[in-house]
Amino acid sequence: MYALKYQQPVTLPDALKSVEGDAKFLAGGQSLIQAMKLRMTSSSTLVDISKLSELKGISVSDNAVTVGAMTRHAEVALSVQIQQAIPALAKLAHGIGDPMVRNMGTLGGSLAYADPAACYPSALLALAGTVQTNERTISADNFFVNLYETCLKPGELIQSVSFQRPLQAAYIKFKHPASRLAMVGVFVARYKAEVRVGVTGCKTYAFRATQLEKLLSQKFSPDVIEGVELPWSDMLSDIHAGAQYRAALITILAARAVEQCLAS
Ligand SMILES: Cc1cc2nc3c(=O)[nH]c(=O)nc-3n(C[C@H](O)[C@H](O)[C@H](O)COP(=O)(O)OP(=O)(O)OC[C@H]3O[C@@H](n4cnc5c(N)ncnc54)[C@H](O)[C@@H]3O)c2cc1C
């Protein structure tokens, strides 16, 4: 790595002041440090946000679960509050990477990084989430913009993320065998008036499978989506899975997620 400055502010105003020029926030470092080592990105200053109390904590109300941006994946997985309110979210966090990644990686870092194969983006979309930054509240549907790109402005800090509590939900991931990131990941959430389906691993950024949502909102049963072919011309294709294969997996995993919801 190139030499760089490291800062660890303890107050939010100091953190926001420190992040100027090409400085970047450092959360769990599980994505950023690797990207810097590979020269995919660079920064002359890293601003460690792990000491900021405004970014910590989990709270649950009748309608929503709110999680601080610095909450580690392992904390989400082990939170009894989250396990009771949205068990699928705790299960998703438990399936991320390996113990080291789960003990270091954070919810805010994962969403800000917007890896096309990350798990949380599908949950944010399916659970009608909102991202609270130091400047504004951003709805899930507007958050992801492109490959590794969100609508966050330079220096904008995610403070917390809220998820709407569903009646039932399930996340199913077809894992990459080495990294355990999603080759395809589908999060299905059932609400009183609608069903939402968030998909990751298939396009340059996470999206909602609206065709499946419409069918499942009419009847919440795996049969109604059986054999549904989703358009695949804009899906990712690599040595692990072709675009058409990924598209077919979305429907299959969504049906399995519905089965899991119905069995819960
Ligand atoms: C081996 C391995 C396996 C993995 N497997 C999975 C997996 O199965 N599923 C999965 O979803 N992910 C997986 N990941 C990614 C992992 O979840 C990362 O922890 C996560 O993507 C980044 O979180 P972080 O806290 O480490 O962020 P960092 O690496 O510290 O930061 C990432 C980016 O987000 C920015 N950032 C961080 N926090 C904030 C904030 N609060 N506000 C604004 N910007 C911020 C940083 O400036 C940086 O640009 C894996 C990673 C590794 C190394």
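**Exercise 1. How many Å separate the centres of domain 1 and domain 2, taken over C-alpha atoms?**

Before we start: this is a predicted model, where local features need pLDDT of at least 70, side-chain atom pairs count only at pLDDT 80 or more, and totals for chains, interfaces and linings use all residues. Residues are numbered from 1 along each chain as its sequence is written.

Step 1. Find the bounds: domain 1 covers 51–164 and domain 2 covers 168–263, as set by an automatic or database domain assignment.

Step 2. Taken over C-alpha atoms, the two centres lie 20 Å apart.

Step 3. Look at the contact (C-beta atoms, placed from the backbone, within 7 Å): domain 1 gives 24 residues and domain 2 gives 25 residues.

Step 4. On the domain 1 side, H8 supplies the largest share, six residues. By class, that side has 18 nonpolar, four polar and two charged residues; here Ala, Val, Leu, Ile, Met, Phe, Trp, Tyr, Cys and Pro count as nonpolar, Asp, Glu, Lys and Arg as charged, and the others, Gly among them, as polar.

**Exercise 2. Work out which residues of helix H5 are buried, and what they pack against.**

Step 1. Helices are DSSP runs (H or I, at least four residues), as strands are (E, at least two), numbered from the N terminus; H5 spans residues 87–94.

Step 2. Ala88, Leu89, Ala90, Leu92 and Ala93 are buried, that is, 20 or more other C-beta atoms, placed from the backbone, lie within 10 Å of their own.

Step 3. Their packing partners include helix H3 (73–78), helix H8 (120–126) and strand S11 (168–175).

Key
Buried ≥ 20, exposed ≤ 12 C-beta atoms within 10 Å, placed from the backbone. Contact = placed C-beta atoms within 7 Å.
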